Amino acid sequence: RIWGRSRNVVKKWGAAICTGFYFLRATAANVAIFRKTQFLIAEKRQKQPRWQASDQWAINNALDQQVVDWSGGSRMKSNADFQAKYYDNTSHVGYTRLVRSKFVV
């Protein structure tokens with residue numbers, strides 16, 4: 001989890017997915033979501049040529065556009081919760097509605 005990018009996703013989810021380490025299954029749904037990620041980066045670069053591309057920004061926004069339901073209905077704890085920031089290892093499971101996929105943060 002990360003709390004800085006992208007801010008619109010962090011406000012909804014409590015935190016965002018950190019792309020420092022992750023793995024995916026090559027399902028049709030995941031391929032579709034990651035094609036959307038590439039599209040979002042290209043689209044933003046076209047509007048803002050000097051923008052430094054961020055896979056983290058794009059992945060979180062691509063997932064958010066698929067409408068995420070969190071298992072148990074709970075958001076990730078925000079970094080305002082000091083315990084969560086440094087000590088919370090709780091997994092959060094999200095399911096996307098539009099292109100069906102499951103992810104664990």
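User: Is the crossing of α2 and α3 right-handed or left-handed?

Analyst: This is a predicted model, so keep that in mind as we go. To read a crossing, you look at which way the near helix is turned from the far one. Here, α2 and α3 cross in a right-handed way.

User: OK, and at what angle do helix α2 and helix α3 pack?

Analyst: For that, you compare the N-to-C directions of the two axes. Helix α2 covers residues 28–47 and helix α3 covers residues 55–65; they pack at about 120 degrees, and their axes are 8 Å apart. Roughly perpendicular stops at 115 degrees and roughly antiparallel starts over 145, so α2 and α3 count as oblique to each other.

User: Which residues in α2 and α3 meet?

Analyst: On the α2 side, look for I33, F34, K36, T37, L40, I41 and K44. Their partners in α3 are D55, W57, A58, I59, N61, A62, L63 and Q65. Sorted by type, the residues of this contact are 9 nonpolar, 3 polar and 3 charged.

User: How much of the chain is buried?

Analyst: A residue counts as buried when its relative accessible area is under 20%. In this chain of 105 residues, 36% are buried.

Terms used:
Residues are numbered from 1 along each chain as its sequence is written. This is a predicted model: local features need pLDDT of at least 70, side-chain atom pairs count only at pLDDT 80 or more; totals for chains, interfaces and linings use all residues. Side-chain values use heavy atoms; hydrogens and water are left out. Buried means under 20% relative accessible area, exposed over 50%, partly exposed in between (1.4 Å probe, protein chains only). Axes are lines fitted to C-alpha atoms, for helices over the stretch in contact, and angles run from 0 to 180 degrees between N-to-C directions. Helices (H or I, at least four residues) and strands (E, at least two) are DSSP runs, numbered from the N terminus. Angles under 35 degrees count as roughly parallel, over 145 as roughly antiparallel, 65 to 115 as roughly perpendicular and the rest as oblique. Contact means heavy atoms within 4.5 Å. Ala, Val, Leu, Ile, Met, Phe, Trp, Tyr, Cys and Pro count as nonpolar, Asp, Glu, Lys and Arg as charged, and the others, Gly among them, as polar.
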